[in-house]
Amino acid sequence: MSTFLRWILVAPVSLVGYFIALFLGMGVIMIAEALCPAQYLISETCFAPYMQSVETVSLLFFPALAAALVVLLPYITAPSYKFLTACIVYMTGAGVAIYMGLSTGAYTSLFATLISGALMLYVVYRTVAFRKI
C-alpha cells in the first residue's frame, strides 16, 4: 500500500475504531433488552434487575474500548511517525471525550475513556521503545 494512501486512511480508520466500539456496545444493550422477561417490560423498556448493571458496564467498557481502538488503529495504519500520530489522535480524541463527557455529565465514562486511551498510548510507546533496542 502506498505511503500516501496510508496517511489518508489514518483519520477514517480512527473513526472505524470508534464505530466498532459504538455498535458493539449498542448490540450488547439490544441483546440484553431482547432477553428481558415479559414481566419486566413496561412500554417496551426493560426494567429487569440485571439491566442497570448491563448499562453501567456498557457505559464504562465500550467507550474505553473506543478510546483504545482510536489510538491503536491509526498507529497501525500510519506509515511513519507512528507514535506522534498516536499522540495527536489521543489528544484529539481526549478533547472530544472531554466535551462529550462534560456536556452529558457522564464523568465515569469520561474517566474510563481517558485512562484507556492513555494506557493504549503507553502500550504504543513501549512498542516503539522496544523496537529501538
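**Helix packing in a predicted model**

Biologist: Where do helix 1 and helix 3 sit relative to one another, in distance and angle?

Modeller: In this predicted model, the axis of helix 1 (residues 3–34) comes within 12 Å of the axis of helix 3 (residues 82–104), and the two cross at roughly 40°. Helix 1 is therefore oblique to helix 3.

Biologist: Which hand does the crossing of helix 1 and helix 3 have, left or right?

Modeller: The crossing of helix 1 with helix 3 is right-handed. On the helix 1 side the contact is made by Arg6, Trp7, Val10, Ser14 and Tyr18, while helix 3 contributes Lys82, Thr85, Val89 and Met100.

Biologist: How do the residues of that contact divide by class?

Modeller: The contact of helix 1 with helix 3 has 5 nonpolar residues, together with 2 polar and 2 charged ones.

Biologist: And helix 2, how do the axes of helix 1 and helix 2 cross?

Modeller: The axes of helix 1 and helix 2, the latter spanning residues 51–77, come within 8 Å and cross at roughly 165°. Because an angle over 145 degrees counts as roughly antiparallel, helix 1 is roughly antiparallel to helix 2. This crossing of helix 1 and helix 2 is right-handed, and the contact between them holds 20 nonpolar, 5 polar and 2 charged residues.

Biologist: Switching to confidence, what is the mean pLDDT of the chain, and which elements have the lowest and highest values?

Modeller: The chain has a mean pLDDT of 92, with 95% of its residues reaching 70 or more.

Definitions and conventions. Residues are numbered from 1 along each chain as its sequence is written. This is a predicted model: local features need pLDDT of at least 70, side-chain atom pairs count only at pLDDT 80 or more; totals for chains, interfaces and linings use all residues. Side-chain values use heavy atoms; hydrogens and water are left out. Axes are lines fitted to C-alpha atoms, for helices over the stretch in contact, and angles run from 0 to 180 degrees between N-to-C directions. Helices (H or I, at least four residues) and strands (E, at least two) are DSSP runs, numbered from the N terminus. Angles under 35 degrees count as roughly parallel, over 145 as roughly antiparallel, 65 to 115 as roughly perpendicular and the rest as oblique. A crossing is left-handed if the near helix is turned anticlockwise from the far one by less than a right angle, and right-handed if clockwise. Contact means heavy atoms within 4.5 Å. Ala, Val, Leu, Ile, Met, Phe, Trp, Tyr, Cys and Pro count as nonpolar, Asp, Glu, Lys and Arg as charged, and the others, Gly among them, as polar. pLDDT is the predictor's confidence in each residue, from 0 to 100.
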